[in-house]
Amino acid sequence: MLRTEINELLTQTGPGTPMGDLFRRYWQPVLLAEELSANDCPPVRVKVLSERLIAFRDSEGRYGLMDEFCAHRGVSLWFGRNEEGGLRCPYHGWKYDYTGQAIEVPSEPETSNFCANVKLKSYPMIKRGDVLWAYLGDPDKRPPLPEWEFITVPEGQAYTSKRLQECNWLQALEGGIDSSHVTFLHSGSLDSDPLFKGSRGNAYNKGDLKPFFEVVDYEGGLLIGARRNAEEGHYYWRVTPWVLPNFTMVPPRGDHPMHGHFWVPIDDENCWAWSFDYHPTRPLTEAEAAAMRAGMGVHSANDENYRPLANKDNDYLMDREAQRRGETYSGIKGIALQDASLQESMGPIVDRTKERLVATDAGIIKARQKLRKAALALAQEGAEPVGNRTQDQKVRSVAIVLPADQSFVEGIGEAMVAKPGVPQTTV
C-alpha cells in the first residue's frame with residue numbers, strides 16, 4: 001500500500017506539482033495529426049497536465065499551441081478565426097501568431113507598439129509520425145525530438161489512435177505494465193482478436209496462471225519480465241519495457257504488429273490513452289489496418305471526441321451471456337475496453353492506502369518507486385530525468401522461449417533494441 005501523501009505526489013500532474021514538472025520535461029503526444037489536417041483548419045481545444053490550451057495550424061503549415069484564452073477579455077480562442085497567418089479572436093479582433101505573439105489589435109493606433117507587449121503562454125508543437133507532440137517544460141532544458149520506433153518506421157507501417165480514459169493516468173499505466181492480468185481478463189480475446197490470435201504464446205499465457213515476475217532496472221526505466229512455463233526445461237518470457245514517465249510496450253505475438261501506449265494526463269481524473277501498432281519490417285496489411293480502425297487489438301471504437309462508444313454511461317455494453325459462455329472473461333468486448341472498464345471502476349483516483357499487493361505486482365511497485373525518486377530529484381536537486389535519450393526510446397518489447405537456466409536479460413540480448421529493418425523477437 002501507499003501512504004496518502006505518496007499517492008498524491010504520483011497522481012497530481014498540474015502546474016507546479018513535482019510529477020507535473022517531471023512530465024513537462026518530456027515531449028508528450030497531444031493530438032493526432034488528423035485533428036489539424038490542413039492549413040487554416042478550425043482550431044482544437046487541448047487540455048493536458050491540467051492546462052487549457054488551443055492548437056491550430058496556420059496558413060504556412062506551422063503548428064501553434066498556446067493559452068486557450070484571449071489576453072484581452074478572456075474569450076476562448078476555440079471560437080477564433082484561423083486565417084492569414086494567425087488566429088483572430090472574434091470578439092474584438094485581436095490576432096495571434098503560432099507562437100502566441102499578438103500581431104494585430106485593431107483598436108490600437110497604427111503607430112502603437114502595444115502588440116509587442118502581448119504574448120500568450122505557448123509551447124512548441126511538432127509533427128512526428130502521425131502524432132503532434134508538445135513540450136511544456138523549461139525551454140532551456142528541451143530534450144531531443146522523440147525517436148520512438150513507431151513514429152520513425154516508413155509510412156504505411158504504423159497506426160496510432162487515442163481514446164479518453166476517465167481515471168487518473170497512473171491507474172492506466174499500472175495496467176500497461178501488469179502482464180499477469182492477461183491470463184484472466186483477456187483470455188477470451190487472445191484466440192479471437194485478429195491482431196492477437198494464432199500466436200504460440202497464447203497457449204503459454206492460458207496454460208500457466210501463476211507467472212513469475214522479475215524486474216530489472218535500466219537507465220530509461222524498467223524491464224518487466226513475466227515468466228510462464230513452456231515446453232519441458234524452458235520458460236516463456238514476456239518482457240515489457242517501461243520508459244519514464246508514461247511509455248509502455250506490449251510483448252508481441254507471432255508476426256502481428258507490435259503495440260504499446262502512452263498514458264497522458266488531461267487532469268488528475270482523466271487521461272488520454274494513446275495506442276500504437278507498427279511492424280518494423282513490412283507495411284500493415286489492409287486487414288490489420290481495418291481491424292485497428294474498427295477498435296480491435298489495443299484500440300477502441302470511439303465517437304467524434306475520441307470517447308469510447310462503450311463507456312461507463314452504458315456499463316461498457318457488458319454482455320453477461322458472453323461472459324457466461326467464456327467468449328469474454330469480463331463480459332466486455334475488446335481488449336482496450338476490458339482494461340479501461342476495470343481501471344475506471346476504481347474511481348477517478350484509486351485509494352492506494354487500501355490495496356494489498358502481491359509478488360506479481362513487482363513491476364508496479366518498482367515503477368512507483370522510480371517515478372517518486374525522479375520527481376523528487378528534479379524538484380529538490382534539479383536532477384535531469386531519465387528516459388529522454390534517443391537510446392532510451394529505441395526500445396522494443398520481447399516475447400521469447402528460453403532454457404530454464406538462462407536469465408531473460410541474457411537471453412534477449414539485443415532483441416530489446418529497435419533497429420531499422422530488423423524483425424521483432426516474438427513467439
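Residues are numbered from 1 along each chain as its sequence is written, and side-chain values use heavy atoms, with hydrogens and water left out. Because the model is predicted, local features need pLDDT of at least 70 and side-chain atom pairs count only at pLDDT 80 or more, while totals for chains, interfaces and linings use all residues.

Helix α5 comes first. Helices (H or I, at least four residues) and strands (E, at least two) are DSSP runs, numbered from the N terminus. In α5, which spans residues 200-207, the buried residues are G201, N202, Y204 and N205. Here, buried means under 20% relative accessible area, exposed means over 50%, and partly exposed is in between, with a 1.4 Å probe and protein chains only. Looking down the axis of α5, its buried residues fall within an arc of 160 degrees, so they line one face of the helix; the arc is that of the directions from the helix axis to the C-beta atoms. The face turned away from that buried side carries the exposed residues A203 and G207. As for what covers the buried residues of α5, this includes α4 (182-185) and the strands β14 (221-229), β15 (234-243) and β19 (398-403).

Next up are the aromatic rings. Rings of Phe, Tyr and Trp (its six-membered ring) pair if their centres lie within 6.5 Å; planes under 30 degrees apart count as stacked, over 60 as edge-to-face and the rest as tilted. By this rule there are 16 aromatic pairs. One of them is edge-to-face: F23 and W169 sit 4.8 Å apart centre to centre, with 85 degrees between the planes. This pair links distant parts of the chain, with F23 in helix α2 (residues 18-23) and W169 in helix α3 (residues 169-176), 146 residues apart. Both F23 and W169 are buried. F247 and F276, on the other hand, form a stacked pair, 5.9 Å centre to centre and with 10 degrees between the planes. That pair also links distant parts of the chain: F247 belongs to strand β16 (residues 247-250) and F276 to strand β18 (residues 270-278), 29 residues apart. F247 counts as buried because its relative accessibility is 2%, and F276 counts as buried at 1%. F247 and F276 also belong to one aromatic cluster, along with W133, W148, F150, F262 and Y278.

Then there is H181, found in the loop between α3 and α4. With 17% relative accessibility, H181 counts as buried. Leaving aside neighbours within four places in sequence, H181 is in contact (heavy atoms within 4.5 Å) with G175, H186 and D339.

Finally, UniProt lists residues 27-134 as "domain: Rieske" in an unreviewed entry; such annotations may be inferred rather than shown by experiment, and the positions are given in the numbering used here. The end C-alpha atoms of residues 27-134 lie 5 Å apart, and the span is 0% helix and 40% strand. E84 lies in the loop between β5 (81-83) and β6 (86-88), and counts as exposed because its relative accessibility is 65%. Neighbours within four places in sequence aside, E84 is in contact with D40, S59 and K95.
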